[in-house]
Amino acid sequence: MCAKERSQVADIDRSLYDFTKSEEGSERLDAGLTPEIVREISARKNEPEWMLEHRLKSLEIYHQLPVPDWGPSIEGLDMDNIVTYVKPPTEQKSDWESVPEDIKDTFERLGIPEAERAYLAGVGAQYDSELVYHNIQESVSELGVVYSGIEEALEDPKWEAIIREHFMKLITPDDHKFAALHGAVWSGGSFVYVPAGVKMDFPLQSYFRLNAKGAGQFEHTLIIVEEGADLHFIEGCSAPKYNVANLHAGAVELFVRKGAKLRYSTIENWSKNMYNLNTKRAVVEDDGVIEWVSGSFGSHVGYLYPMSILNGAHSTCEFTGITFSGAGQNLDTGCKVVLNAPYTSAHVDTKGISKGGGIQTFRSSVLVTEKAEYSNVAVACASLMLDDESRSDTIPAMDVRAEHVNVGHEASIGRIGDDMMFYLMSRGISEAEASTMIVNGFADPVSKELPLEYAVEMNNLIKLEMEGAIG
Amino acid sequence: MTTQTAIKANRMPAITWHKFKGNEAEIELPALAAHDAGAVAFTVPPALMFMETTINGDVALDAGTAPVKEAFDEALAAAPEGLQQWETGMGEAADAWLDAAAKRRLAVLVPEGHTEENTLVIRIQAQDGAAAVAAVDLVAQAHSRLKVALHVDSPTAGSGVAGSRVRVFVGEGARVEFASVQTLDATWQHLDNIGAYVADSGRFIAEQTVLGAAESYTGFASNVAGREADTTVDTRYLGHGANKIDFNYVIRQRGVQSTCTLTANGVLMDSSAKVLRGTIDLIHGAKGAVGKENETVLLVNEDVRNKTIPVILCDEDDVQGAHGATIGHVNPEQLGYMKTRGLSAEQVEDLFAVATFDYAASHAFDASVRAAVERLGTRVLGDAYELLQEGE
Amino acid sequence: MADALLAVQGLSASAGEKAILHGIDLEVNKGEIHVLMGPNGAGKSTLGHVLMGNPAFTVTGGSIKLDGADITEDDVDKRSKAGLFISFQAPVEVPGVPLNSFLRAIVAQHEELDLKGKKYKKRVAEIMAQLDMDEAYLNRELNVGFSGGEKKKVEMLQLLLLQPKLAILDETDSGLDVDALNVVSKAMAAYREECDGTILIITHNTRILEHLPVDRTHVMVKGKLVAEGDASLITKIDAEGFEQFGHVEETEVLRSEDDPFGGFNVEDVLADAEAALREADAKRASESGEANEAGAAE
């Protein structure tokens, strides 16, 4: 039986994410970051003048802002060597058959078309700097739901006005250095508009694949969920591993209107040469709900703290996250919550695992403003150390400025208990299986929140990471 | 004599977002005169070796000079690589400022095996326009016991700085209990800086009570270096008026099976503001170490501001680290219980404020500390507090 | 019985969706001792808490009168001031609040006691001596690190200090601890002697009732009062148990809410692992079973 189990572990296709396709036919701009390159990206997109201005201003801000000194080192990232724009050899399609074979094969291996047929209301697929596929089910678009490339939406004057009103208003270029970088060179990403009252039964999914070596991906996702509407959005990402640094500095801006609900799920599995410096932010109006489900498994260095701004009374935020940091990884993840209206509540539950010399940091900030009377916050984070080479830090910060509130925080760090291992092994389970079992149990609250397919993917990722973890 | 200056202090070892404005404190210090003889008083129990410096710089009694210095040098030599200097909670700049301001110094050696529990008393009385600072070095040699009472008070009106810098070496199997109470009126600045080193099976137990001052800064670092060494801190504070309270705790757990417990309980009233940074650093090699940290903050006014940053750094797998924080109202279970005895929610909150003074008064080292607590209690809580004390 | 000290009529209550008490009628006259008995989970403690106004329960019908005044809608602290008292099985710990500060604060809320300053101090010392308590307890934080017996003493100290009109003594578990039992007995005697106290004692263990002149005994099963009698009923229950009052099924005991933080729970993981093991065992069993069957078929 053991042998059988082992072979199951080995059966996981290691090449699932780590395969490279030829870059033939792709157009690469020069590496580095200059106004000329920014102008060229803009010119290729035929975008409105205000957007070019926004890009150039962002670039200026980028050069002014300091590199963060509180997180993992990003010294290995030399912006002069990063190619900010790589156009794949195709235009955006709405049927997989028209997508070039290599690219289609990529997404097929990642299971995207299959998932689309099975349970998604719409799919967007980005390859390097541009979307190569975007499609939404007719029944959904008939309800007035818009799901398209953000540049595509910019071409329609109606949506251009709305995008202009929202684009980088939540994440402003002066927020931090990499938000400014994003503002300068962003490319691709999705625009979603769910009209008032529309409750979507099936999720939308965008998948981001970075194939080009030494390149950066800077997609922008803008989602507006109108009053009383309901959306589940899934984001996936991966890249093959190269021996040079790649960079991801996307931005996600979410607007959740009165009584609306948005669930935003991410399984991040960038390759381990990736610098993932991503920014995500949601603003929620009265009675609105934002739910984040966030799994971080990949990247060499990660900075990721989805932020929820609860601006409306009775709005809520739920954040469920897991970070698994293995050899060569330094993942600094967590979340930020701002409670800025009465009767708001936030519930944060995160798990961190570190092994093989990996560094895992949970970092959070909770701000309860003067306006947030009668609000509640509960933060729980647990970290599991799988060996004594690894590191796990917990750096939560709370700032409370209201009186009638309850803010609770609990955290724990430790390793798998000897008694637990002994118990399982006394039942004939091998050490490796037992620890995988325990780690899966540890991660369970997160996988429970994921759609089944993603929960399976996450469990596979954990198995992969756990292989060789023991003795 | 000090010159006007601004120093950065109480910086936490692993910082976070600068926008949070909690990584460190910036202290604006005015130009101050040197304190005179009355500001700092030491009472050293018999049988301890000590060296005391008078206000003129004369060494009053130097019988203990050589052994105390030697003991410190030994301790430093024994410290692991990387420990270049004695780490204190407020950091180098503040430590240097306090060191320069301290006109009276005391170094005390508790000889090996000395277990008589007489208390070493350090009294600091704020002086108008001056920096009243004591510098104290304590060495508790192997298997000895030492109790220390530190009282920072302002018996007369005025403004200025009052505080101390204290370094403690806790030898093998030794036990040092350090209780400090600060009862400054709302015109003073308070700076207390502690750095401790705890050897095998040593215990450093600190109780810190911060009740007053316009601005109060407490830095506390303990190098829990020895096997089965322990540091336990119990902090109580009350914020009132517009005062600012700033704590920085840094516990380095280096020792195998070392333990640490940080507990803080506070009440914030009026428009007071408080920051508490608590870092437990579980250093590689500290197998079997356990570090715990817990803070409860009761907010009783809408204008208060509380920042809590409970950090655990962990570079070892065979450890247990835990922290918890509860900020806001009295927990429902406690409130429910107290209501069954006739107290309204508001009265329960008031009770917590009164209780902070009560606790400090009933645990006061002596009558003068108790009188100072009651004086401040009456000043802060008004006649209601004085009436409560009637007949006691 | 217009002059009953406690008059409960048709009282029903629920916790969330779950109805726990059903149409309770109960009268207790001044100076009497009543016993409320019943099996575990019958709702006895709940009745005590509902009488005291615990917000965890919702009154869904009926009324509670104390000394002629309807207190059904009153907040907990108001009921206390009206003269109602309840003792807790496991009183909460309150770090930061010394026992002395707490006692002084509650005495201040019961003005009729007229215990200020020296009088207060004297009275507390008196009671502590009665209960064999060291006065050093006064400087300790309320219940923090107290043993079960010490906590019980603190509860009884408050009973004797406040001298309520009616004391509800929830002693469901006290029968298990001889020391606690003695403290409660001593306190009850003093309470009756000093202010002709009225007691409703909740228990399912009869040891605590020895030497106590019980006036009425009430039996609760599944949230209803099913029998009432004089002290002899206690002997009958001792001999025959609660089954004589019909089918006794333990109803679900209300639990405090699950830990809202839900950290890494070893038990959960072990439970999951157990489930996985069972599954694996079942699979193995069925596989070997199939093999056996195949063998048997040969």
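**Exercise 1. Two helices of chain A**

Task: describe how helix α10 (residues 418-425) of chain A and helix α11 (residues 431-447) of chain A cross.

Solution. The structure is a predicted model.
- Step 1: the axes of α10(A) and α11(A) come within 9 Å and cross at roughly 120 degrees.
- Step 2: α10(A) is therefore oblique to α11(A). The cut-off needed here is that 65 to 115 degrees counts as roughly perpendicular and over 145 as roughly antiparallel.
- Step 3: the crossing of α10(A) past α11(A) is right-handed.
- Step 4: from α10(A), the residues M420(A), M421(A), L424(A) and M425(A) take part, and they meet E431(A), A434(A), M437(A) and I438(A) of α11(A). By type, the residues of this contact are seven nonpolar, no polar and one charged.

**Exercise 2. The side of chain B that touches chain A**

Task: state how many residues of chain B are in contact with chain A, and which elements of chain B contribute.

Solution. 
- Step 1: on the chain B side 36 residues make contact, and on the chain A side 34.
- Step 2: β21 (305-314) and β22 (319-328) of chain B are the elements that give two or more residues to this side.
- Step 3: the chain B residues divide into 17 nonpolar, twelve polar and seven charged.

**Exercise 3. The surroundings of A39(B)**

Task: decide whether A39(B) is buried or exposed, and find which residues it touches.

Solution. 
- Step 1: locate the residue. A39(B) sits in the loop that connects β3 (33-34) with β4 (40-43) of chain B.
- Step 2: apply the cut-off, by which 20 or more other C-beta atoms within 10 Å make a residue buried. A39(B) has 22 C-beta neighbours inside 10 Å and so counts as buried.
- Step 3: leaving out residues up to four places away in sequence, A39(B) touches I124(B), Q125(B), Q127(B), A130(B) and A132(B).
- Step 4: for R123(B), 84 residues apart from A39(B) along the chain, the separation of the C-alpha atoms is 7.8 Å.

**Exercise 4. The sheets of chain C**

Task: give the strand order of the six-strand sheet and of the four-strand sheet in chain C, and name the edge strands.

Solution. 
- Step 1: chain C holds eight helices and ten strands.
- Step 2: six strands form an open sheet of mixed pairing, ordered β6-β7-β8-β3-β9-β10. Its edges are β6 (84-87) and β10 (224-229) of chain C, each pairing on one side only. On average, neighbouring strands here are turned by 20 degrees against each other, direction ignored.
- Step 3: inside this sheet, β3 (residues 33-37) and β8 (residues 198-202) of chain C pair in the parallel sense over four bridges, and H34(C) stands opposite L200(C).
- Step 4: four strands form an open antiparallel sheet in the order β2-β1-β4-β5. β2 (18-28) and β5 (69-70) of chain C each have a single partner strand, so one side of each is left without a neighbour in the sheet.
- Step 5: β1 (residues 6-15) and β4 (residues 58-66) of chain C are antiparallel and share seven bridges, with A13(C) opposite V59(C).
- Step 6: helix α1 (residues 44-52) of chain C lies across β1, β2 and β4 of chain C, at about 75 degrees to β2(C).

Technical notes:
Residues numbered from 1 in each chain as written. Chains lettered and ligands numbered in written order. Predicted model: local features only at pLDDT ≥ 70, side-chain atom pairs only at ≥ 80, totals over all residues. Buried ≥ 20, exposed ≤ 12 C-beta atoms within 10 Å, placed from the backbone. Contact = placed C-beta atoms within 7 Å. Nonpolar A, V, L, I, M, F, W, Y, C, P; charged D, E, K, R; others polar. Axes fitted to C-alpha atoms, helices over the stretch in contact; angles between N-to-C directions. Parallel < 35°, antiparallel > 145°, perpendicular 65-115°, else oblique. Left-handed = near helix turned anticlockwise from the far one by under 90°. Pairing = 2+ DSSP bridges.
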